[in-house]
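User: Hi! Could you walk me through this one?
Analyst: Happy to. Let's bring it up.
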Amino acid sequence: MSEYFTFNEYMKNNKLTPSEEDYVEMIYRINLNRGNVQVKDVANELNIKPSSVTKMVKKLNDKDILEYKKYDYIKLTEMGYKVGNTLLKRHNTIYKFLEILGVKDSIHEETEKIEHTINYDTLEKMETLINFFSKYQGIYSLLKEFQEDKHLDT
């Protein structure tokens with residue numbers, strides 16, 4: 001049996017809120033980039049108070065997503081790593097999809113809004129389209145030309 005599941009399967013037992021998802025994704029990102037994760041790192045990245053981070057990591061600790069002891073590093077559990085990886089992949093897929101559509105100014109904000117409401121099937125279809133354009137760069141170039149021409153006409 002594979003160790004991987006769909007996002008929905010990961011969430012079935014954890015029932016994370018969008019805010020909890022944001023924290024897990026950020027902790028996972030920081031862990032990938034820097035290794036050890038501290039409350040102040042998460043607070044800085046999410047532009048919130050350290051006390052808010054402490055409160056949330058305690059909740060996530062109770063859900064077995066991470067391990068946290070006061071004044072120590074935040075450590076993702078095995079489930080936390082899987083969920084974090086899934087959340088980051090979801091974020092990156094939506095971001096890339098919006099890039100293909102030509103969204104620029106509000107791309108990060110739109111990605112954040114969409115990622116908490118999208119269903120797994122739609123996300124898979126976005127990924128298929130991204131992979132299609134990656135494989136067929138000529139068609140992707142035609143889309144870009146069309147987008148630029150359309151923009152000039154308005």
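User: In what order do the elements of the protein chain run from the N terminus on?
Analyst: This is a predicted model. Starting at the N terminus, the order is α-α-α-α-β-β-α-α-α-α. In total, the protein chain has 8 helices and 2 strands.
User: And what share of its residues counts as buried?
Analyst: The figure is 34% of the 154 residues in the protein chain. The accessible surface comes to about 10100 Å², and carbon and sulfur atoms account for 51% of that.
User: Switching to backbone angles: what is phi like at Asp64?
Analyst: Positive, near 60°, and Asp64 is not a glycine. Asp64 sits in the loop between helix H4 (50-62) and strand E1 (66-67).
User: Is Asp64 buried or exposed there?
Analyst: Asp64 counts as exposed, because its relative accessibility is 54% and the cut-off for exposed is over 50%.
User: What about phi of Tyr71?
Analyst: Tyr71, also a residue other than glycine, has a positive phi of about 65°. You'll find Tyr71 in the loop between E1 and strand E2 (75-76). With 76% relative accessibility, Tyr71 counts as exposed.
User: New topic: which residues make the nonpolar surface patch?
Analyst: Leu129, Phe132, Tyr136 and Ile139 make a patch of about 320 Å². Ile139 belongs to helix H8 (residues 137-153).
User: How exposed is Ile139?
Analyst: Partly exposed, at a relative accessible area of 38%.
User: Last one: among contacts between residues at least 6 apart in sequence, how many join residues at least 24 apart?
Analyst: In the protein chain, 58% of those contacts do.

Technical notes
Residues are numbered from 1 along each chain as its sequence is written. This is a predicted model: local features need pLDDT of at least 70, side-chain atom pairs count only at pLDDT 80 or more; totals for chains, interfaces and linings use all residues. Side-chain values use heavy atoms; hydrogens and water are left out. Helices (H or I, at least four residues) and strands (E, at least two) are DSSP runs, numbered from the N terminus. Buried means under 20% relative accessible area, exposed over 50%, partly exposed in between (1.4 Å probe, protein chains only). Patches are made of residues with over 30% relative accessible area and no salt bridge: like charges are joined within 9 Å, nonpolar side chains (Val, Leu, Ile, Met, Phe, Trp, Tyr) within 5 Å. Accessible areas come from the Shrake-Rupley method with a 1.4 Å probe; for residues, only the protein chains shown count as cover. A salt bridge is a side-chain nitrogen of Lys or Arg within 4 Å of a carboxyl oxygen of Asp or Glu. Contact means heavy atoms within 4.5 Å.
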